[in-house]
Amino acid sequence: MNFCVKCGANTVYKVPPGDNQQRFVCRLCGHIHYENPKIVCGCLVRSNDQVLLCKRGIEPRKDRWTFPAGFLERHESTLEGAKRETREEACADVELDMLYAQFDLAYISQIYQFYLADLIGSYAPGDETLDVRLFDEKSIPWEQLAFPVIRKSLESYFSDRDRGRFTFRHFEIPNRASWTSI
């Protein structure tokens, strides 16, 4: 960040008085610019014994399969964001069941939250989606999944489904290399 959002003056990256982390601070007015993690929310949508996946039409990971999910908007709860993203990407309405999985990806300052949800009615590709399909466990395109969080969520889901009990899953991913240990 080169310029202050309040007065337009140059910023400096330093530890402000009374703080313990470096932040961008305006050289002129002293405004402190906080950078907080981004929250991604979405749904693991189920219909009978199948799950709904969207083929991404945008980067990153264009042409790969994922859940309907995206960045939380300001003044929006994660519940609202998950339902909105599902409408936008899969043109689908859902009934939310429970917060199922949270991934804390500290190394990229992102938090992912996925809700279990039941499909209500129809679905179709949204503006950022090339295709939307229901898959049973054996037909999941495992090698074409967009992100490790999707794979881990699906593996957990099918394991829980087979046990007959769903429990909240929380994963801390401190760095890219740690994906192999979860």
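This is a predicted model: local features need pLDDT of at least 70, side-chain atom pairs count only at pLDDT 80 or more; totals for chains, interfaces and linings use all residues.
Strand β4 spans residues 38–47. Eight of its ten residues are buried, that is, under 20% relative accessible area. The strand is therefore largely enclosed by the rest of the structure.

Strand β9, residues 110–120, runs parallel to β4. Nine bridges join the two. One of the paired positions links Lys38 with Gln110 in β9. Strand β7 covers residues 69–71 and runs antiparallel to β4. Three bridges connect this pair. Here Gly42 stands opposite Ala69 of β7.

Strand β5, residues 50–56, is also antiparallel to β4. Two bridges hold this pairing on record. Ser47 has Gln50 in β5 as its bridge partner. Together, β4 and β5 form a hairpin, with two residues between them. Asn48 lies in the turn and has a positive phi of about 60°.

The structure holds one cavity of 30 Å³ or more. The largest cavity contains about 50 Å³ of space. Its lining consists of Cys54, Arg56, Gly57, Ile58, Thr66, Glu89, Glu128 and Thr129. By class, two of the lining residues are nonpolar, three are polar and three are charged. Two of the names in this lining, Cys54 and Arg56, fall within the range of strand β5, residues 50–56.

Methods
Residues are numbered from 1 along each chain as its sequence is written. Side-chain values use heavy atoms; hydrogens and water are left out. Buried means under 20% relative accessible area, exposed over 50%, partly exposed in between (1.4 Å probe, protein chains only). Helices (H or I, at least four residues) and strands (E, at least two) are DSSP runs, numbered from the N terminus. Two strands pair if DSSP finds at least two bridges between them. On a 1 Å grid over the protein atoms alone, a cavity is a set of points where a 1.4 Å probe fits but cannot get out, and a pocket is an open set with protein on both sides within 12 Å along at least five of seven lines; lining residues have an atom within 4 Å of a point. Grid points are joined across faces, edges and corners, and a volume is the space filled by probe spheres set on the points. Ala, Val, Leu, Ile, Met, Phe, Trp, Tyr, Cys and Pro count as nonpolar, Asp, Glu, Lys and Arg as charged, and the others, Gly among them, as polar.
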